[in-house]
Amino acid sequence: MSTYTSTLGGRTHRFDGLARLLAAASPERSGDRLAGLAAESAQARVAARWALADVPLARFLAEPVIPYEDDDVTRLIVDTHDAVAFAPVAGLTVGEFREWLLSDAADATALAALAPGLTPEMTAAVSKLMGNADLVAVARKVQVVTAFRSTIGLPGRLATRLQPNHPTDDPAGVAAALLDGLLLGSGDAVIGINPATDSPKAVRDLLELLDGVIQRYAIPTQSCVLSHVTTSIDLMAAGAPVDLVFQSIAGTQTANASFGVTLGLLDEAYEAARALGRGTVGSNALYFETGQGSALSADAHHGVDQQTVEARAYAVARRYEPLLVNTVVGFIGPEYLYDGRQILRAALEDHFCGKLLGLPMGLDICYTNHADADDDDIATMLTMLGVAGASFVICTPGGDDIMLNYQSASFHDVLYLREVLGLRPAPEFEAWLDGIGLLDEQGGIRPVAGTAHPLMALGKELAA
C-alpha cells in the first residue's frame, strides 16, 4: 500500500492507500461521515485533493481500492481493462486528466474511444477535483446511444421513464398514472413499474397489462416490471412478455450478494433477454439502478467512500450493454446524502462517471420526506442534468410516488425542461405522439380536453 502526502499551511497530511486518499478528497457527505471515512477538516480535504492531483492514472491499475483476490467486481474491472483505449491518457496524472477532459481535445469521438480504457476509480478520482460546472461541461460532451424499441441518448433528446406505481398494483390505479404520463408525452425510455410484491403471478400480470397497452396502441417503447432478476429469468422461461430485465446493482461483490445477485446470474439474465429478440430498433435489453450509499447500508463498502463504490457499480453495468442505467440519487435517505446540496453533487458525479465509462446514464432525481430537500432542489437538479445531457429521467404523477413514498420529478417537470432547453423525446416516440395528435405545431404537447382522444379509452379498458 502506498502512502500519499501533501503539505498545506505548514502541516503535512498523510493518507495511507488510495482508498483513504479518495475518501479524504471527496466532497462532504453524510454517508462518508457515518462510515468514518470523511476528511477530518476542510483543510485536510484540500490537502487530499492536492495529493490526488499528482497521482498517475496508471496507479489505479496497480493498486485496486479493494483487493483483486477478495472481490469479483475488482476482478471484472482489472480483467476487462482495455490498455489500447487507455493509451492516450496513460501518462497523465489525475490533475492532468482533469485539464484534458475540459479541453477541446476531449470531444465526443475521443471520449467514446477512451471509455473502455477507464476504470471507475479513475473517473471517481477526477470527479473529486472538479466543480459542479466542470462535471456538467464534460458530461455534456459524451454521447452514449442505445436502443430497443426506441432510441435513447441521441443529441437534443431527453427520454423519460413513466413510473405508474401503485401500492397494491391495482390495474385501475396503474391505468390512471399510465394515461396521465402518456398524455403528457412521457414513457419513451420505458414504462417501468415497481411491483408491490415480487410474486411471479403478480409480476406477470403487470407485464401482460403493459404489453397489452404497448401492442394495442402501437407505442414504440419498452416495458419493465422491476422484479428481482431471478423472477425475470423464470418468467422469460415461462413465456411471459419480458422486454427489459431489471436489477439493482452495487460496486462490490458483498453488496451485490446482499441484493441476491452474482455476476454469473447477471450473465444468465443477459443471455436470456437477448435471446428473446423483442427489440425492433436495437437489442439493449437490460436496465440497472444504482445509488450512493447502498454498499455502506449493507456494510459492504470495504472502507471505500460511497461515491467511488457507486462508480464501481458502473463497471458491472457496462458488462451487459444495458439500454438504461440510472442512479436513484436521493432515495436512500439523509443518512447518506443529507440535503439538497449533497444530493445535487451526487447526481452530477454519478452522471459524469457513468457517461465517461460509456453508460446510457439517467437519473431518478428524488428525495425522501425526511431529507433536508424540497421541490426547488428537484427543479435545480433537473435543469442542471438536462444541460449535462442526461439520457433520461424518471417521472411520476405529480412528482409523488404513492407506493414508494418519496418525491421525484413529475411529467410536467419534463415538459418544462424540454421546452427551455429545446429537447425532444426519442424519435420513434415523438413520431408516435405526432401520429396520435398529441404534438402541437411547436413540437410541444397538445392539451387534451374531455374524453374524445383515443387514449382516453385506455383507463376504462384497464380498470375493467
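**Exercise 1.** Find the residue that forms a salt bridge with Glu 289, and say which strands the pair ties together.

*Solution.* Start with the partner: Glu 289 forms a salt bridge with Arg 161, and their closest N and O atoms are 3.1 Å apart. A salt bridge here means a side-chain nitrogen of Lys or Arg within 4 Å of a carboxyl oxygen of Asp or Glu. Helices (H or I, at least four residues) and strands (E, at least two) are DSSP runs, numbered from the N terminus.

Then check the burial of each end. Glu 289 is buried at 11% relative accessible area, and Arg 161 is buried at 0%. The cut-offs are under 20% for buried, over 50% for exposed and in between for partly exposed (1.4 Å probe, protein chains only).

Before going on, a word on the model: it is predicted, so local features need pLDDT of at least 70 and side-chain atom pairs count only at pLDDT 80 or more, while totals for chains, interfaces and linings use all residues. Residues are numbered from 1 along each chain as its sequence is written, and side-chain values use heavy atoms, with hydrogens and water left out.

**Exercise 2.** Work out which parts of the chain Asp 188 and Arg 418 link, and whether each residue is buried or exposed.

*Solution.* First, the contact: these two side chains meet in a salt bridge at 3.4 Å, N to O. Now the positions: Asp 188 sits in the loop between helix H11 (171-183) and strand S6 (190-193), while Arg 418 is in helix H20 (residues 411-421), 230 residues apart. Last, the accessibility: Asp 188 is buried at 0%, and Arg 418 is buried at 8%. If you want the count for the whole model, the structure holds 23 salt bridges.

**Exercise 3.** Trace the salt-bridge network that includes Arg 278 and Asp 211.

*Solution.* Begin with the pair itself: Arg 278 and Asp 211 form a salt bridge, with closest N and O atoms 2.9 Å apart. Arg 278 is partly exposed at 24%, whereas Asp 211 is buried at 15%. Now follow the shared partners: they join Arg 149, Asp 211, Asp 243 and Arg 278 into one network.

**Exercise 4.** How many disulfides does the structure hold, and how far is Cys 353 from the nearest cysteine sulfur?

*Solution.* The structure holds zero disulfides; the test is a pair of cysteine sulfur atoms within 2.5 Å. For Cys 353, the nearest cysteine sulfur is that of Cys 366, 18 Å away. Repeat from Cys 366: its closest cysteine sulfur is in Cys 395, 12 Å away and too far for a bond. Cys 353 is buried at 1%, and Cys 366 is buried at 0%.

**Exercise 5.** Identify the residues of the largest nonpolar core with the most contacts inside it, then list what Leu 52 touches.

*Solution.* The largest nonpolar core has 150 residues, and Leu 52 and Tyr 287 have the most contacts inside it. Such a core is a set of buried Ala, Val, Leu, Ile, Met, Phe, Trp, Tyr and Cys residues joined through side-chain atoms within 4.5 Å. Helix H18 (residues 340-356) gives the largest share, eight residues. Now zoom in on Leu 52: leaving aside neighbours within four places in sequence, its contacts (heavy atoms within 4.5 Å) are Leu 21, Leu 22, Ala 25, Phe 60, Val 94, Ala 125, Lys 128 and Leu 129.

**Exercise 6.** Determine which residues of helix H10 are buried, and what covers them.

*Solution.* In H10 (residues 132-141), the buried residues are Asp 134, Leu 135, Val 136, Val 138 and Ala 139. Their cover includes helix H7 (94-101), helix H8 (108-114), helix H9 (120-127), H18 and helix H19 (375-387).

**Exercise 7.** Locate Gln 163 and collect its contacts.

*Solution.* Gln 163 is in the loop between S5 and H11, and at 1% relative accessibility Gln 163 is buried. Not counting residues up to four places away in sequence, Gln 163 touches Gly 192, Asn 194, Ile 394, Cys 395, Thr 396, Pro 397, Asp 401, Leu 404 and Tyr 406.
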